[in-house]
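Welcome, and please get your viewer ready. Could you walk me through this structure, stop by stop, telling me what to select and what is there?

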Amino acid sequence: MAVLQDLERFGHHLIIGISGTSLSDDDKRTLSELKPVGVIFFAKNFLDGTPYEVWLESFQNLNAQIRQYTERDSMFMTLDHEGGRVVRTPLPITRFPYALLLRSPKAGRSQSHARKVAKATALELKSLGINLSWAPVADIFSHPQNPIIGPRAFGRTPEATAEGVCEYYRGLQEAGILGCAKHFPGHGDTSKDSHIELPILNLTLEDLRIRELIPFQALIAAQIPLIMTAHILFPKIDSQFPATLSPAILKKILREELGFEGVVVSDDLDMKAVSDMFTQSGTVAQSFDAGCDLFIVSRNINSLSIERTYQMAEDFADSLSKGRLDESVVTAAKDRIEKLLAVTPQYKIHALDKNILQQHAELAIACCFEGSGES
């Protein structure tokens, strides 16, 4: 059994989900003992079906409790907030459409819908105390039967997708919200959902270079600070391990070939594609060695239990103590995270003016009317 101090070290690399609209005893224990560097929120954390002022106050209290128990002044307060079906917040937070409907600029229009929507989204997220949005989706809508990406993508071609993701990221950046490109090296061509099973893509590195990697390259050039891994097996590149655990993908392609120097974050480790792997001893160390810096455990998909989170923390501490995980790898990962956290704004929760929300609603309608056509 690792001592508490060793477990707390894992918290420097952990984004965790909370069980509901207030902290359970398990939440309090996890936050106070592991002290995660960030939290990921879901619909279950908002009082839906209540007036704006009521659910906002409830969410404000939840945030205050989280900071109280972690004893952290600075945290990554995060949300999946893409638009379309990926919106967690109650009304009157705006329901913007899928990314595929956010078009490029037309003649006489100074900004694309993607950029305008990102700015509006960022303003709303800041009002909720959110400083990191798990967006944009940099996957390409290249497989018509894709069950998980589809219109969440900004385009059906590498070029349209690259243009859309960069416009969206610039909007977030200009308005003060961190963005994260996902899901590296590309989830758009799958026919399976990694929430349920491990997708397999028989693409070569050259296949990725001429299609999947292009939007990620554009975002790296735009200095996006985080990139999220895909829980996908690419057997022609790494026959053993999915991207989240693959040095061939995260080190050789993302770090060395594409030159990404920011924070690499895992997709949710509760997803069935990898959840069983992360119950096995040594997997956390393997993921660090592959190139991951930060790990998401949502407690949203398979179980609200904290057991798996502590199991991972124990595995991390055990790997360090037995030399299976090098201190220098952990230190480098922590340095990247702390460098980013040091420049991450911490926002106070507040209600938005109804006129601003009305303008955003009108923008959402305009996107739907003007967003038809091939991307």
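The tour below goes through a predicted model, one selection at a time.

**Stop 1: a pair of rings**

Start by selecting Phe 41 and Phe 59. Their rings form an aromatic pair of the edge-to-face kind, with 4.8 Å from centre to centre and 70° between the planes. Phe 41 belongs to strand S2 (residues 38-41) and Phe 59 to helix H3 (residues 52-70), so the pair links distant parts of the chain, 18 residues apart.

In the whole structure, a search finds 10 aromatic pairs.

**Stop 2: a charge over a ring**

Next, select Arg 29 and Tyr 310. The charged end of Arg 29 sits over the ring of Tyr 310, 4.0 Å from the ring's centre.

**Stop 3: around Met 228**

Move on to Met 228, which you will find in strand S6 (residues 226-229). Met 228 counts as buried because its relative accessibility is 3%, under the 20% cut-off. Show its surroundings: leaving aside neighbours within four places in sequence, its contacts include Trp 134, Cys 180, His 183, Phe 184, Val 265 and Ile 296.

A cis peptide bond joins Lys 182 and His 183, with omega about 5°. His 183 is in strand S5 (residues 180-184).

**Stop 4: another cis bond**

The peptide bond from Leu 91 to Pro 92 is cis, with omega near 15°. Pro 92 lies in the loop between strand S3 (76-79) and helix H4 (113-127).

**Stop 5: enclosed spaces**

How many cavities of 30 Å³ or more does a search of the whole structure find? There are 2. The largest has a volume of about 50 Å³, and among the residues that line it are Glu 82, Leu 102, Arg 152, Phe 154 and Tyr 168. Its lining has 6 nonpolar, no polar and 2 charged residues.

The second largest cavity has a volume of about 40 Å³. Select His 81, Glu 82, Thr 94, Phe 96 and Tyr 168 to see part of its lining. By class, that lining divides into 3 nonpolar, 4 polar and 1 charged.

**Stop 6: the largest pocket**

Now select Gln 223, Ile 224, Pro 225, Glu 261 and Gly 262, which lie nearest the centre of the largest pocket, among 16 lining residues. About 420 Å³ of space lies in this pocket. Helix H5 (158-175) and helix H11 (327-341) each give two or more residues to the lining, and H11 gives the most, with 3.

Stay on Gln 223, in the loop between helix H7 (213-221) and S6. Gln 223 has a positive phi of about 65° although it is not a glycine. Gln 223 is exposed, with a relative accessible area of 63%.

**Stop 7: Lys 35**

Finish at Lys 35, in the loop between helix H2 (25-34) and S2. Its phi is near 50°, a positive value in a residue other than glycine. Lys 35 is buried, with a relative accessible area of 14%.

Conventions. Residues are numbered from 1 along each chain as its sequence is written. This is a predicted model: local features need pLDDT of at least 70, side-chain atom pairs count only at pLDDT 80 or more; totals for chains, interfaces and linings use all residues. Side-chain values use heavy atoms; hydrogens and water are left out. Rings of Phe, Tyr and Trp (its six-membered ring) pair if their centres lie within 6.5 Å; planes under 30 degrees apart count as stacked, over 60 as edge-to-face and the rest as tilted. Helices (H or I, at least four residues) and strands (E, at least two) are DSSP runs, numbered from the N terminus. A charge sits over a ring if NZ of Lys or CZ of Arg is within 6 Å of the ring centre and within 35 degrees of the ring normal. Buried means under 20% relative accessible area, exposed over 50%, partly exposed in between (1.4 Å probe, protein chains only). Contact means heavy atoms within 4.5 Å. On a 1 Å grid over the protein atoms alone, a cavity is a set of points where a 1.4 Å probe fits but cannot get out, and a pocket is an open set with protein on both sides within 12 Å along at least five of seven lines; lining residues have an atom within 4 Å of a point. Grid points are joined across faces, edges and corners, and a volume is the space filled by probe spheres set on the points. Ala, Val, Leu, Ile, Met, Phe, Trp, Tyr, Cys and Pro count as nonpolar, Asp, Glu, Lys and Arg as charged, and the others, Gly among them, as polar.
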